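These exercises ask you to read a structure step by step. Look at the sequence and the model first, then try each task before reading its solution.

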Amino acid sequence: MENTPLITNDAIVFGILILCLGFVFFTESKKSGFWHKFYKIVPGLLMCYLLPAIFSSFGVISPEETKTYFVASRYLLPASLVLLTISVDLKAVFNLGWRALVMFLTGTMGIIIGGPLAILLISTFSPDTVGGVGFDAVWRGLATLAGSWIGGGANQAAMLEIYQFNPNKYGGMVLVDIVVANIWMAFLLIGIGKKHKIDKWLGADNTAIDKLQQKVQDFTESVKRNPTLTDYMVILTFAFVTVGIAHLGADSISTLLNTNFEGVSDPKSPWSSFGSQFFWLISIATLLGVLLSFTKAKNYEGAGASKIGSVFIYILVATIGMKMDLSKLFENPNLIMIGLVWMAIHAGLLILVAKLIKAPYFFLAVGSQANVGGAASAPVVAAAFHPSLATVGALLAVFGYVVGTYGAMLCAELMRIVSVG
């Protein structure tokens with residue numbers, strides 16, 4: 001009973017999350033005084049993430065006792081992808097060039113080599129932390145982290161099935177996943193507030209990104225109008241009818257593949273990601289949003305389609321923040337230390353490669369989050385730079401699902417070798 005949060009009613013929890021968002025947006029709008037100075041240091045998006053985390057940490061609310069994250073990720077996220085993609089210039093997205101893909105693959109490689117390197121480093125002063133035998137071996141549990149941090153939940157489940165880590169100890173790995181991934185996301189959000197300084201240090205070429213943003217802004221200005229109630233209803237129709245179609249398609253495709261293809265239905269198979277309903281939900285929603293961008297539906301950007309999509313994104317941010325219980329940082333410090341070292345290697349490799357190829361911080365942040373955070377948070381980070389860039393995050397995250405199991409298996413085998421060695 002002592003773990004039961006003060007508030008479990010979904011409506012009240014949702015009200016608290018909206019209160020957090022409203023407080024941040026209201027205070028961030030101040031042009032002078034304390035809050036004006038505060039937000040010059042702390043990005044507003046980070047506060048949208050941290051305030052729900054504080055409520056969760058003090059036991060007021062709990063992600064386990066509410067369905068708000070499920071609703072936000074399954075309904076509002078695909079709706080936001082449609083509305084943020086509806087005016088996208090697909091050619092301009094592809095013109096972002098090879099650096100986006102290189103940074104994504106660098107993030108993947110950072111996870112693959114980060115695991116075994118973290119084991120090697122920590123074994124020099126705390127061998128028990130990375131030890132264990134049989135199904136209790138720590139490397140088996142870390143394999144599930146590799147699955148989560150390259151692909152997502154489906155890949156994580158696949159790694160648990162393949163390497164048969166002791167289920168009684170699996171909760172500790174889930175804790176590391178949540179704590180470390182959320183700490184890293186917080187750092188990425190802080191970086192967004194300092195993106196110009198970071199880009200200057202990286203010597204980055206932002207030309208393609210600036211062109212894409214400018215194209216969207218020019219198009220928005222050309223179709224801008226005072227929105228009517230009808231406009232809002234049509235925009236929501238585009239969003240949620242598409243979400244319904246995406247759910248229908250995702251349910252049908254995942255059921256079909258799981259029923260007829262053993263490689264998909266087998267959790268141990270590298271193809272199991274294609275049986276994930278969430279994978280197809282995000283893929284279909286993004287595809288339908290892109291298709292709508294070739295129709296007159298894109299003109300509704302002038303009535304605020306992307307702004308409504310951004311509202312949905314911020315609600316998702318708040319629900320993600322709610323999953324971060326700051327008190328958990330001290331529950332299993334040894335395991336969390338492994339995760340932090342692992343993530344530091346991932347981050348270091350990204351920074352090194354970004355510096356070498358002069359990639360913008362946008363590619364670093366989204367390339368990382370497409371791996372570590374997956375489809376639920378990569379579009380969030382991308383949209384934080386500019387709403388028109390959410391599509392990039394979604395596309396890279398979907399790619400992460402595809403390579404996740406293979407990359408995680410490679411990482412796991414490397415961790416097995418260094419653990420035995």
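**Exercise 1.** Is L51 buried or exposed?

Solution. Start with the source of the coordinates: this is a predicted model, in which local features need pLDDT of at least 70, side-chain atom pairs count only at pLDDT 80 or more, and totals for chains, interfaces and linings use all residues. Residues are numbered from 1 along each chain as its sequence is written, and side-chain values use heavy atoms, with hydrogens and water left out.

Step 1. Take the cut-offs: buried means under 20% relative accessible area, exposed means over 50%, and partly exposed lies in between (1.4 Å probe, protein chains only).
Step 2. The relative accessible area of L51 is 16%, so L51 is buried.
Step 3. Helices (H or I, at least four residues) and strands (E, at least two) are DSSP runs, numbered from the N terminus.
Step 4. List the contacts, where contact means heavy atoms within 4.5 Å. Leaving aside residues up to four places away in sequence, L51 touches C20, F23 and V24.
Step 5. Compare sequence and space: L51 and M322 are 271 residues apart along the chain, yet 8.1 Å separates their C-alpha atoms.

**Exercise 2.** Describe the chain as a whole.

Solution. 
Step 1. Count the elements: the chain has 19 helices and 0 strands.
Step 2. Check the overall form. The radius of gyration is 21 Å, close to the 22 Å from the globule rule for 421 residues, so the chain is as compact as a globular protein of that length. This radius is taken over C-alpha atoms, and the rule is 2.2 Å times the number of residues to the power 0.38.
Step 3. Look at cover: 54% of the 421 residues count as buried. The chain exposes about 18,600 Å², with 67% of it supplied by carbon and sulfur atoms. Accessible areas come from the Shrake-Rupley method with a 1.4 Å probe; for residues, only the protein chains shown count as cover.
Step 4. Look at contact range: of the contacts between residues at least 6 apart in sequence, 85% join residues at least 24 apart.

**Exercise 3.** Which residues have the most contacts inside the largest nonpolar core?

Solution. 
Step 1. Define the set: a nonpolar core joins buried Ala, Val, Leu, Ile, Met, Phe, Trp, Tyr and Cys residues through side-chain atoms within 4.5 Å.
Step 2. The largest such core has 140 residues, and M103, L142, W149, W342 and F362 have the most contacts inside it. Helix α9 (residues 167–193) gives the largest share of this core, 13 residues.
Step 3. Follow one of them: F362 touches I209, G367, A382, F385, L389 and V392, not counting residues up to four places away in sequence.

**Exercise 4.** Which residues form a nonpolar patch on the surface?

Solution. 
Step 1. Patches are made of residues with over 30% relative accessible area and no salt bridge; like charges are joined within 9 Å, and nonpolar side chains (Val, Leu, Ile, Met, Phe, Trp, Tyr) within 5 Å.
Step 2. The patch consists of F70, V71, Y75, L229, M233, L236 and F240, with about 630 Å² of accessible area together. Two or more residues each come from α4 (68–85) and α12 (229–260).
Step 3. The largest share, 4 residues, comes from α12.
Step 4. Y75 lies in helix α4 and, at 33% relative accessibility, counts as partly exposed.

**Exercise 5.** How many salt bridges does a search of the whole structure find?

Solution. 
Step 1. A salt bridge is a side-chain nitrogen of Lys or Arg within 4 Å of a carboxyl oxygen of Asp or Glu.
Step 2. The search finds 2.
Step 3. One joins D231 and R225, at 3.0 Å from N to O. D231 is buried at 8% relative accessibility, whereas R225 is partly exposed at 32%.
Step 4. Another joins R416 and E413, whose closest N and O atoms are 3.0 Å apart. These residues are 3 apart in helix α19 (residues 390–420), so about one helical turn separates them.
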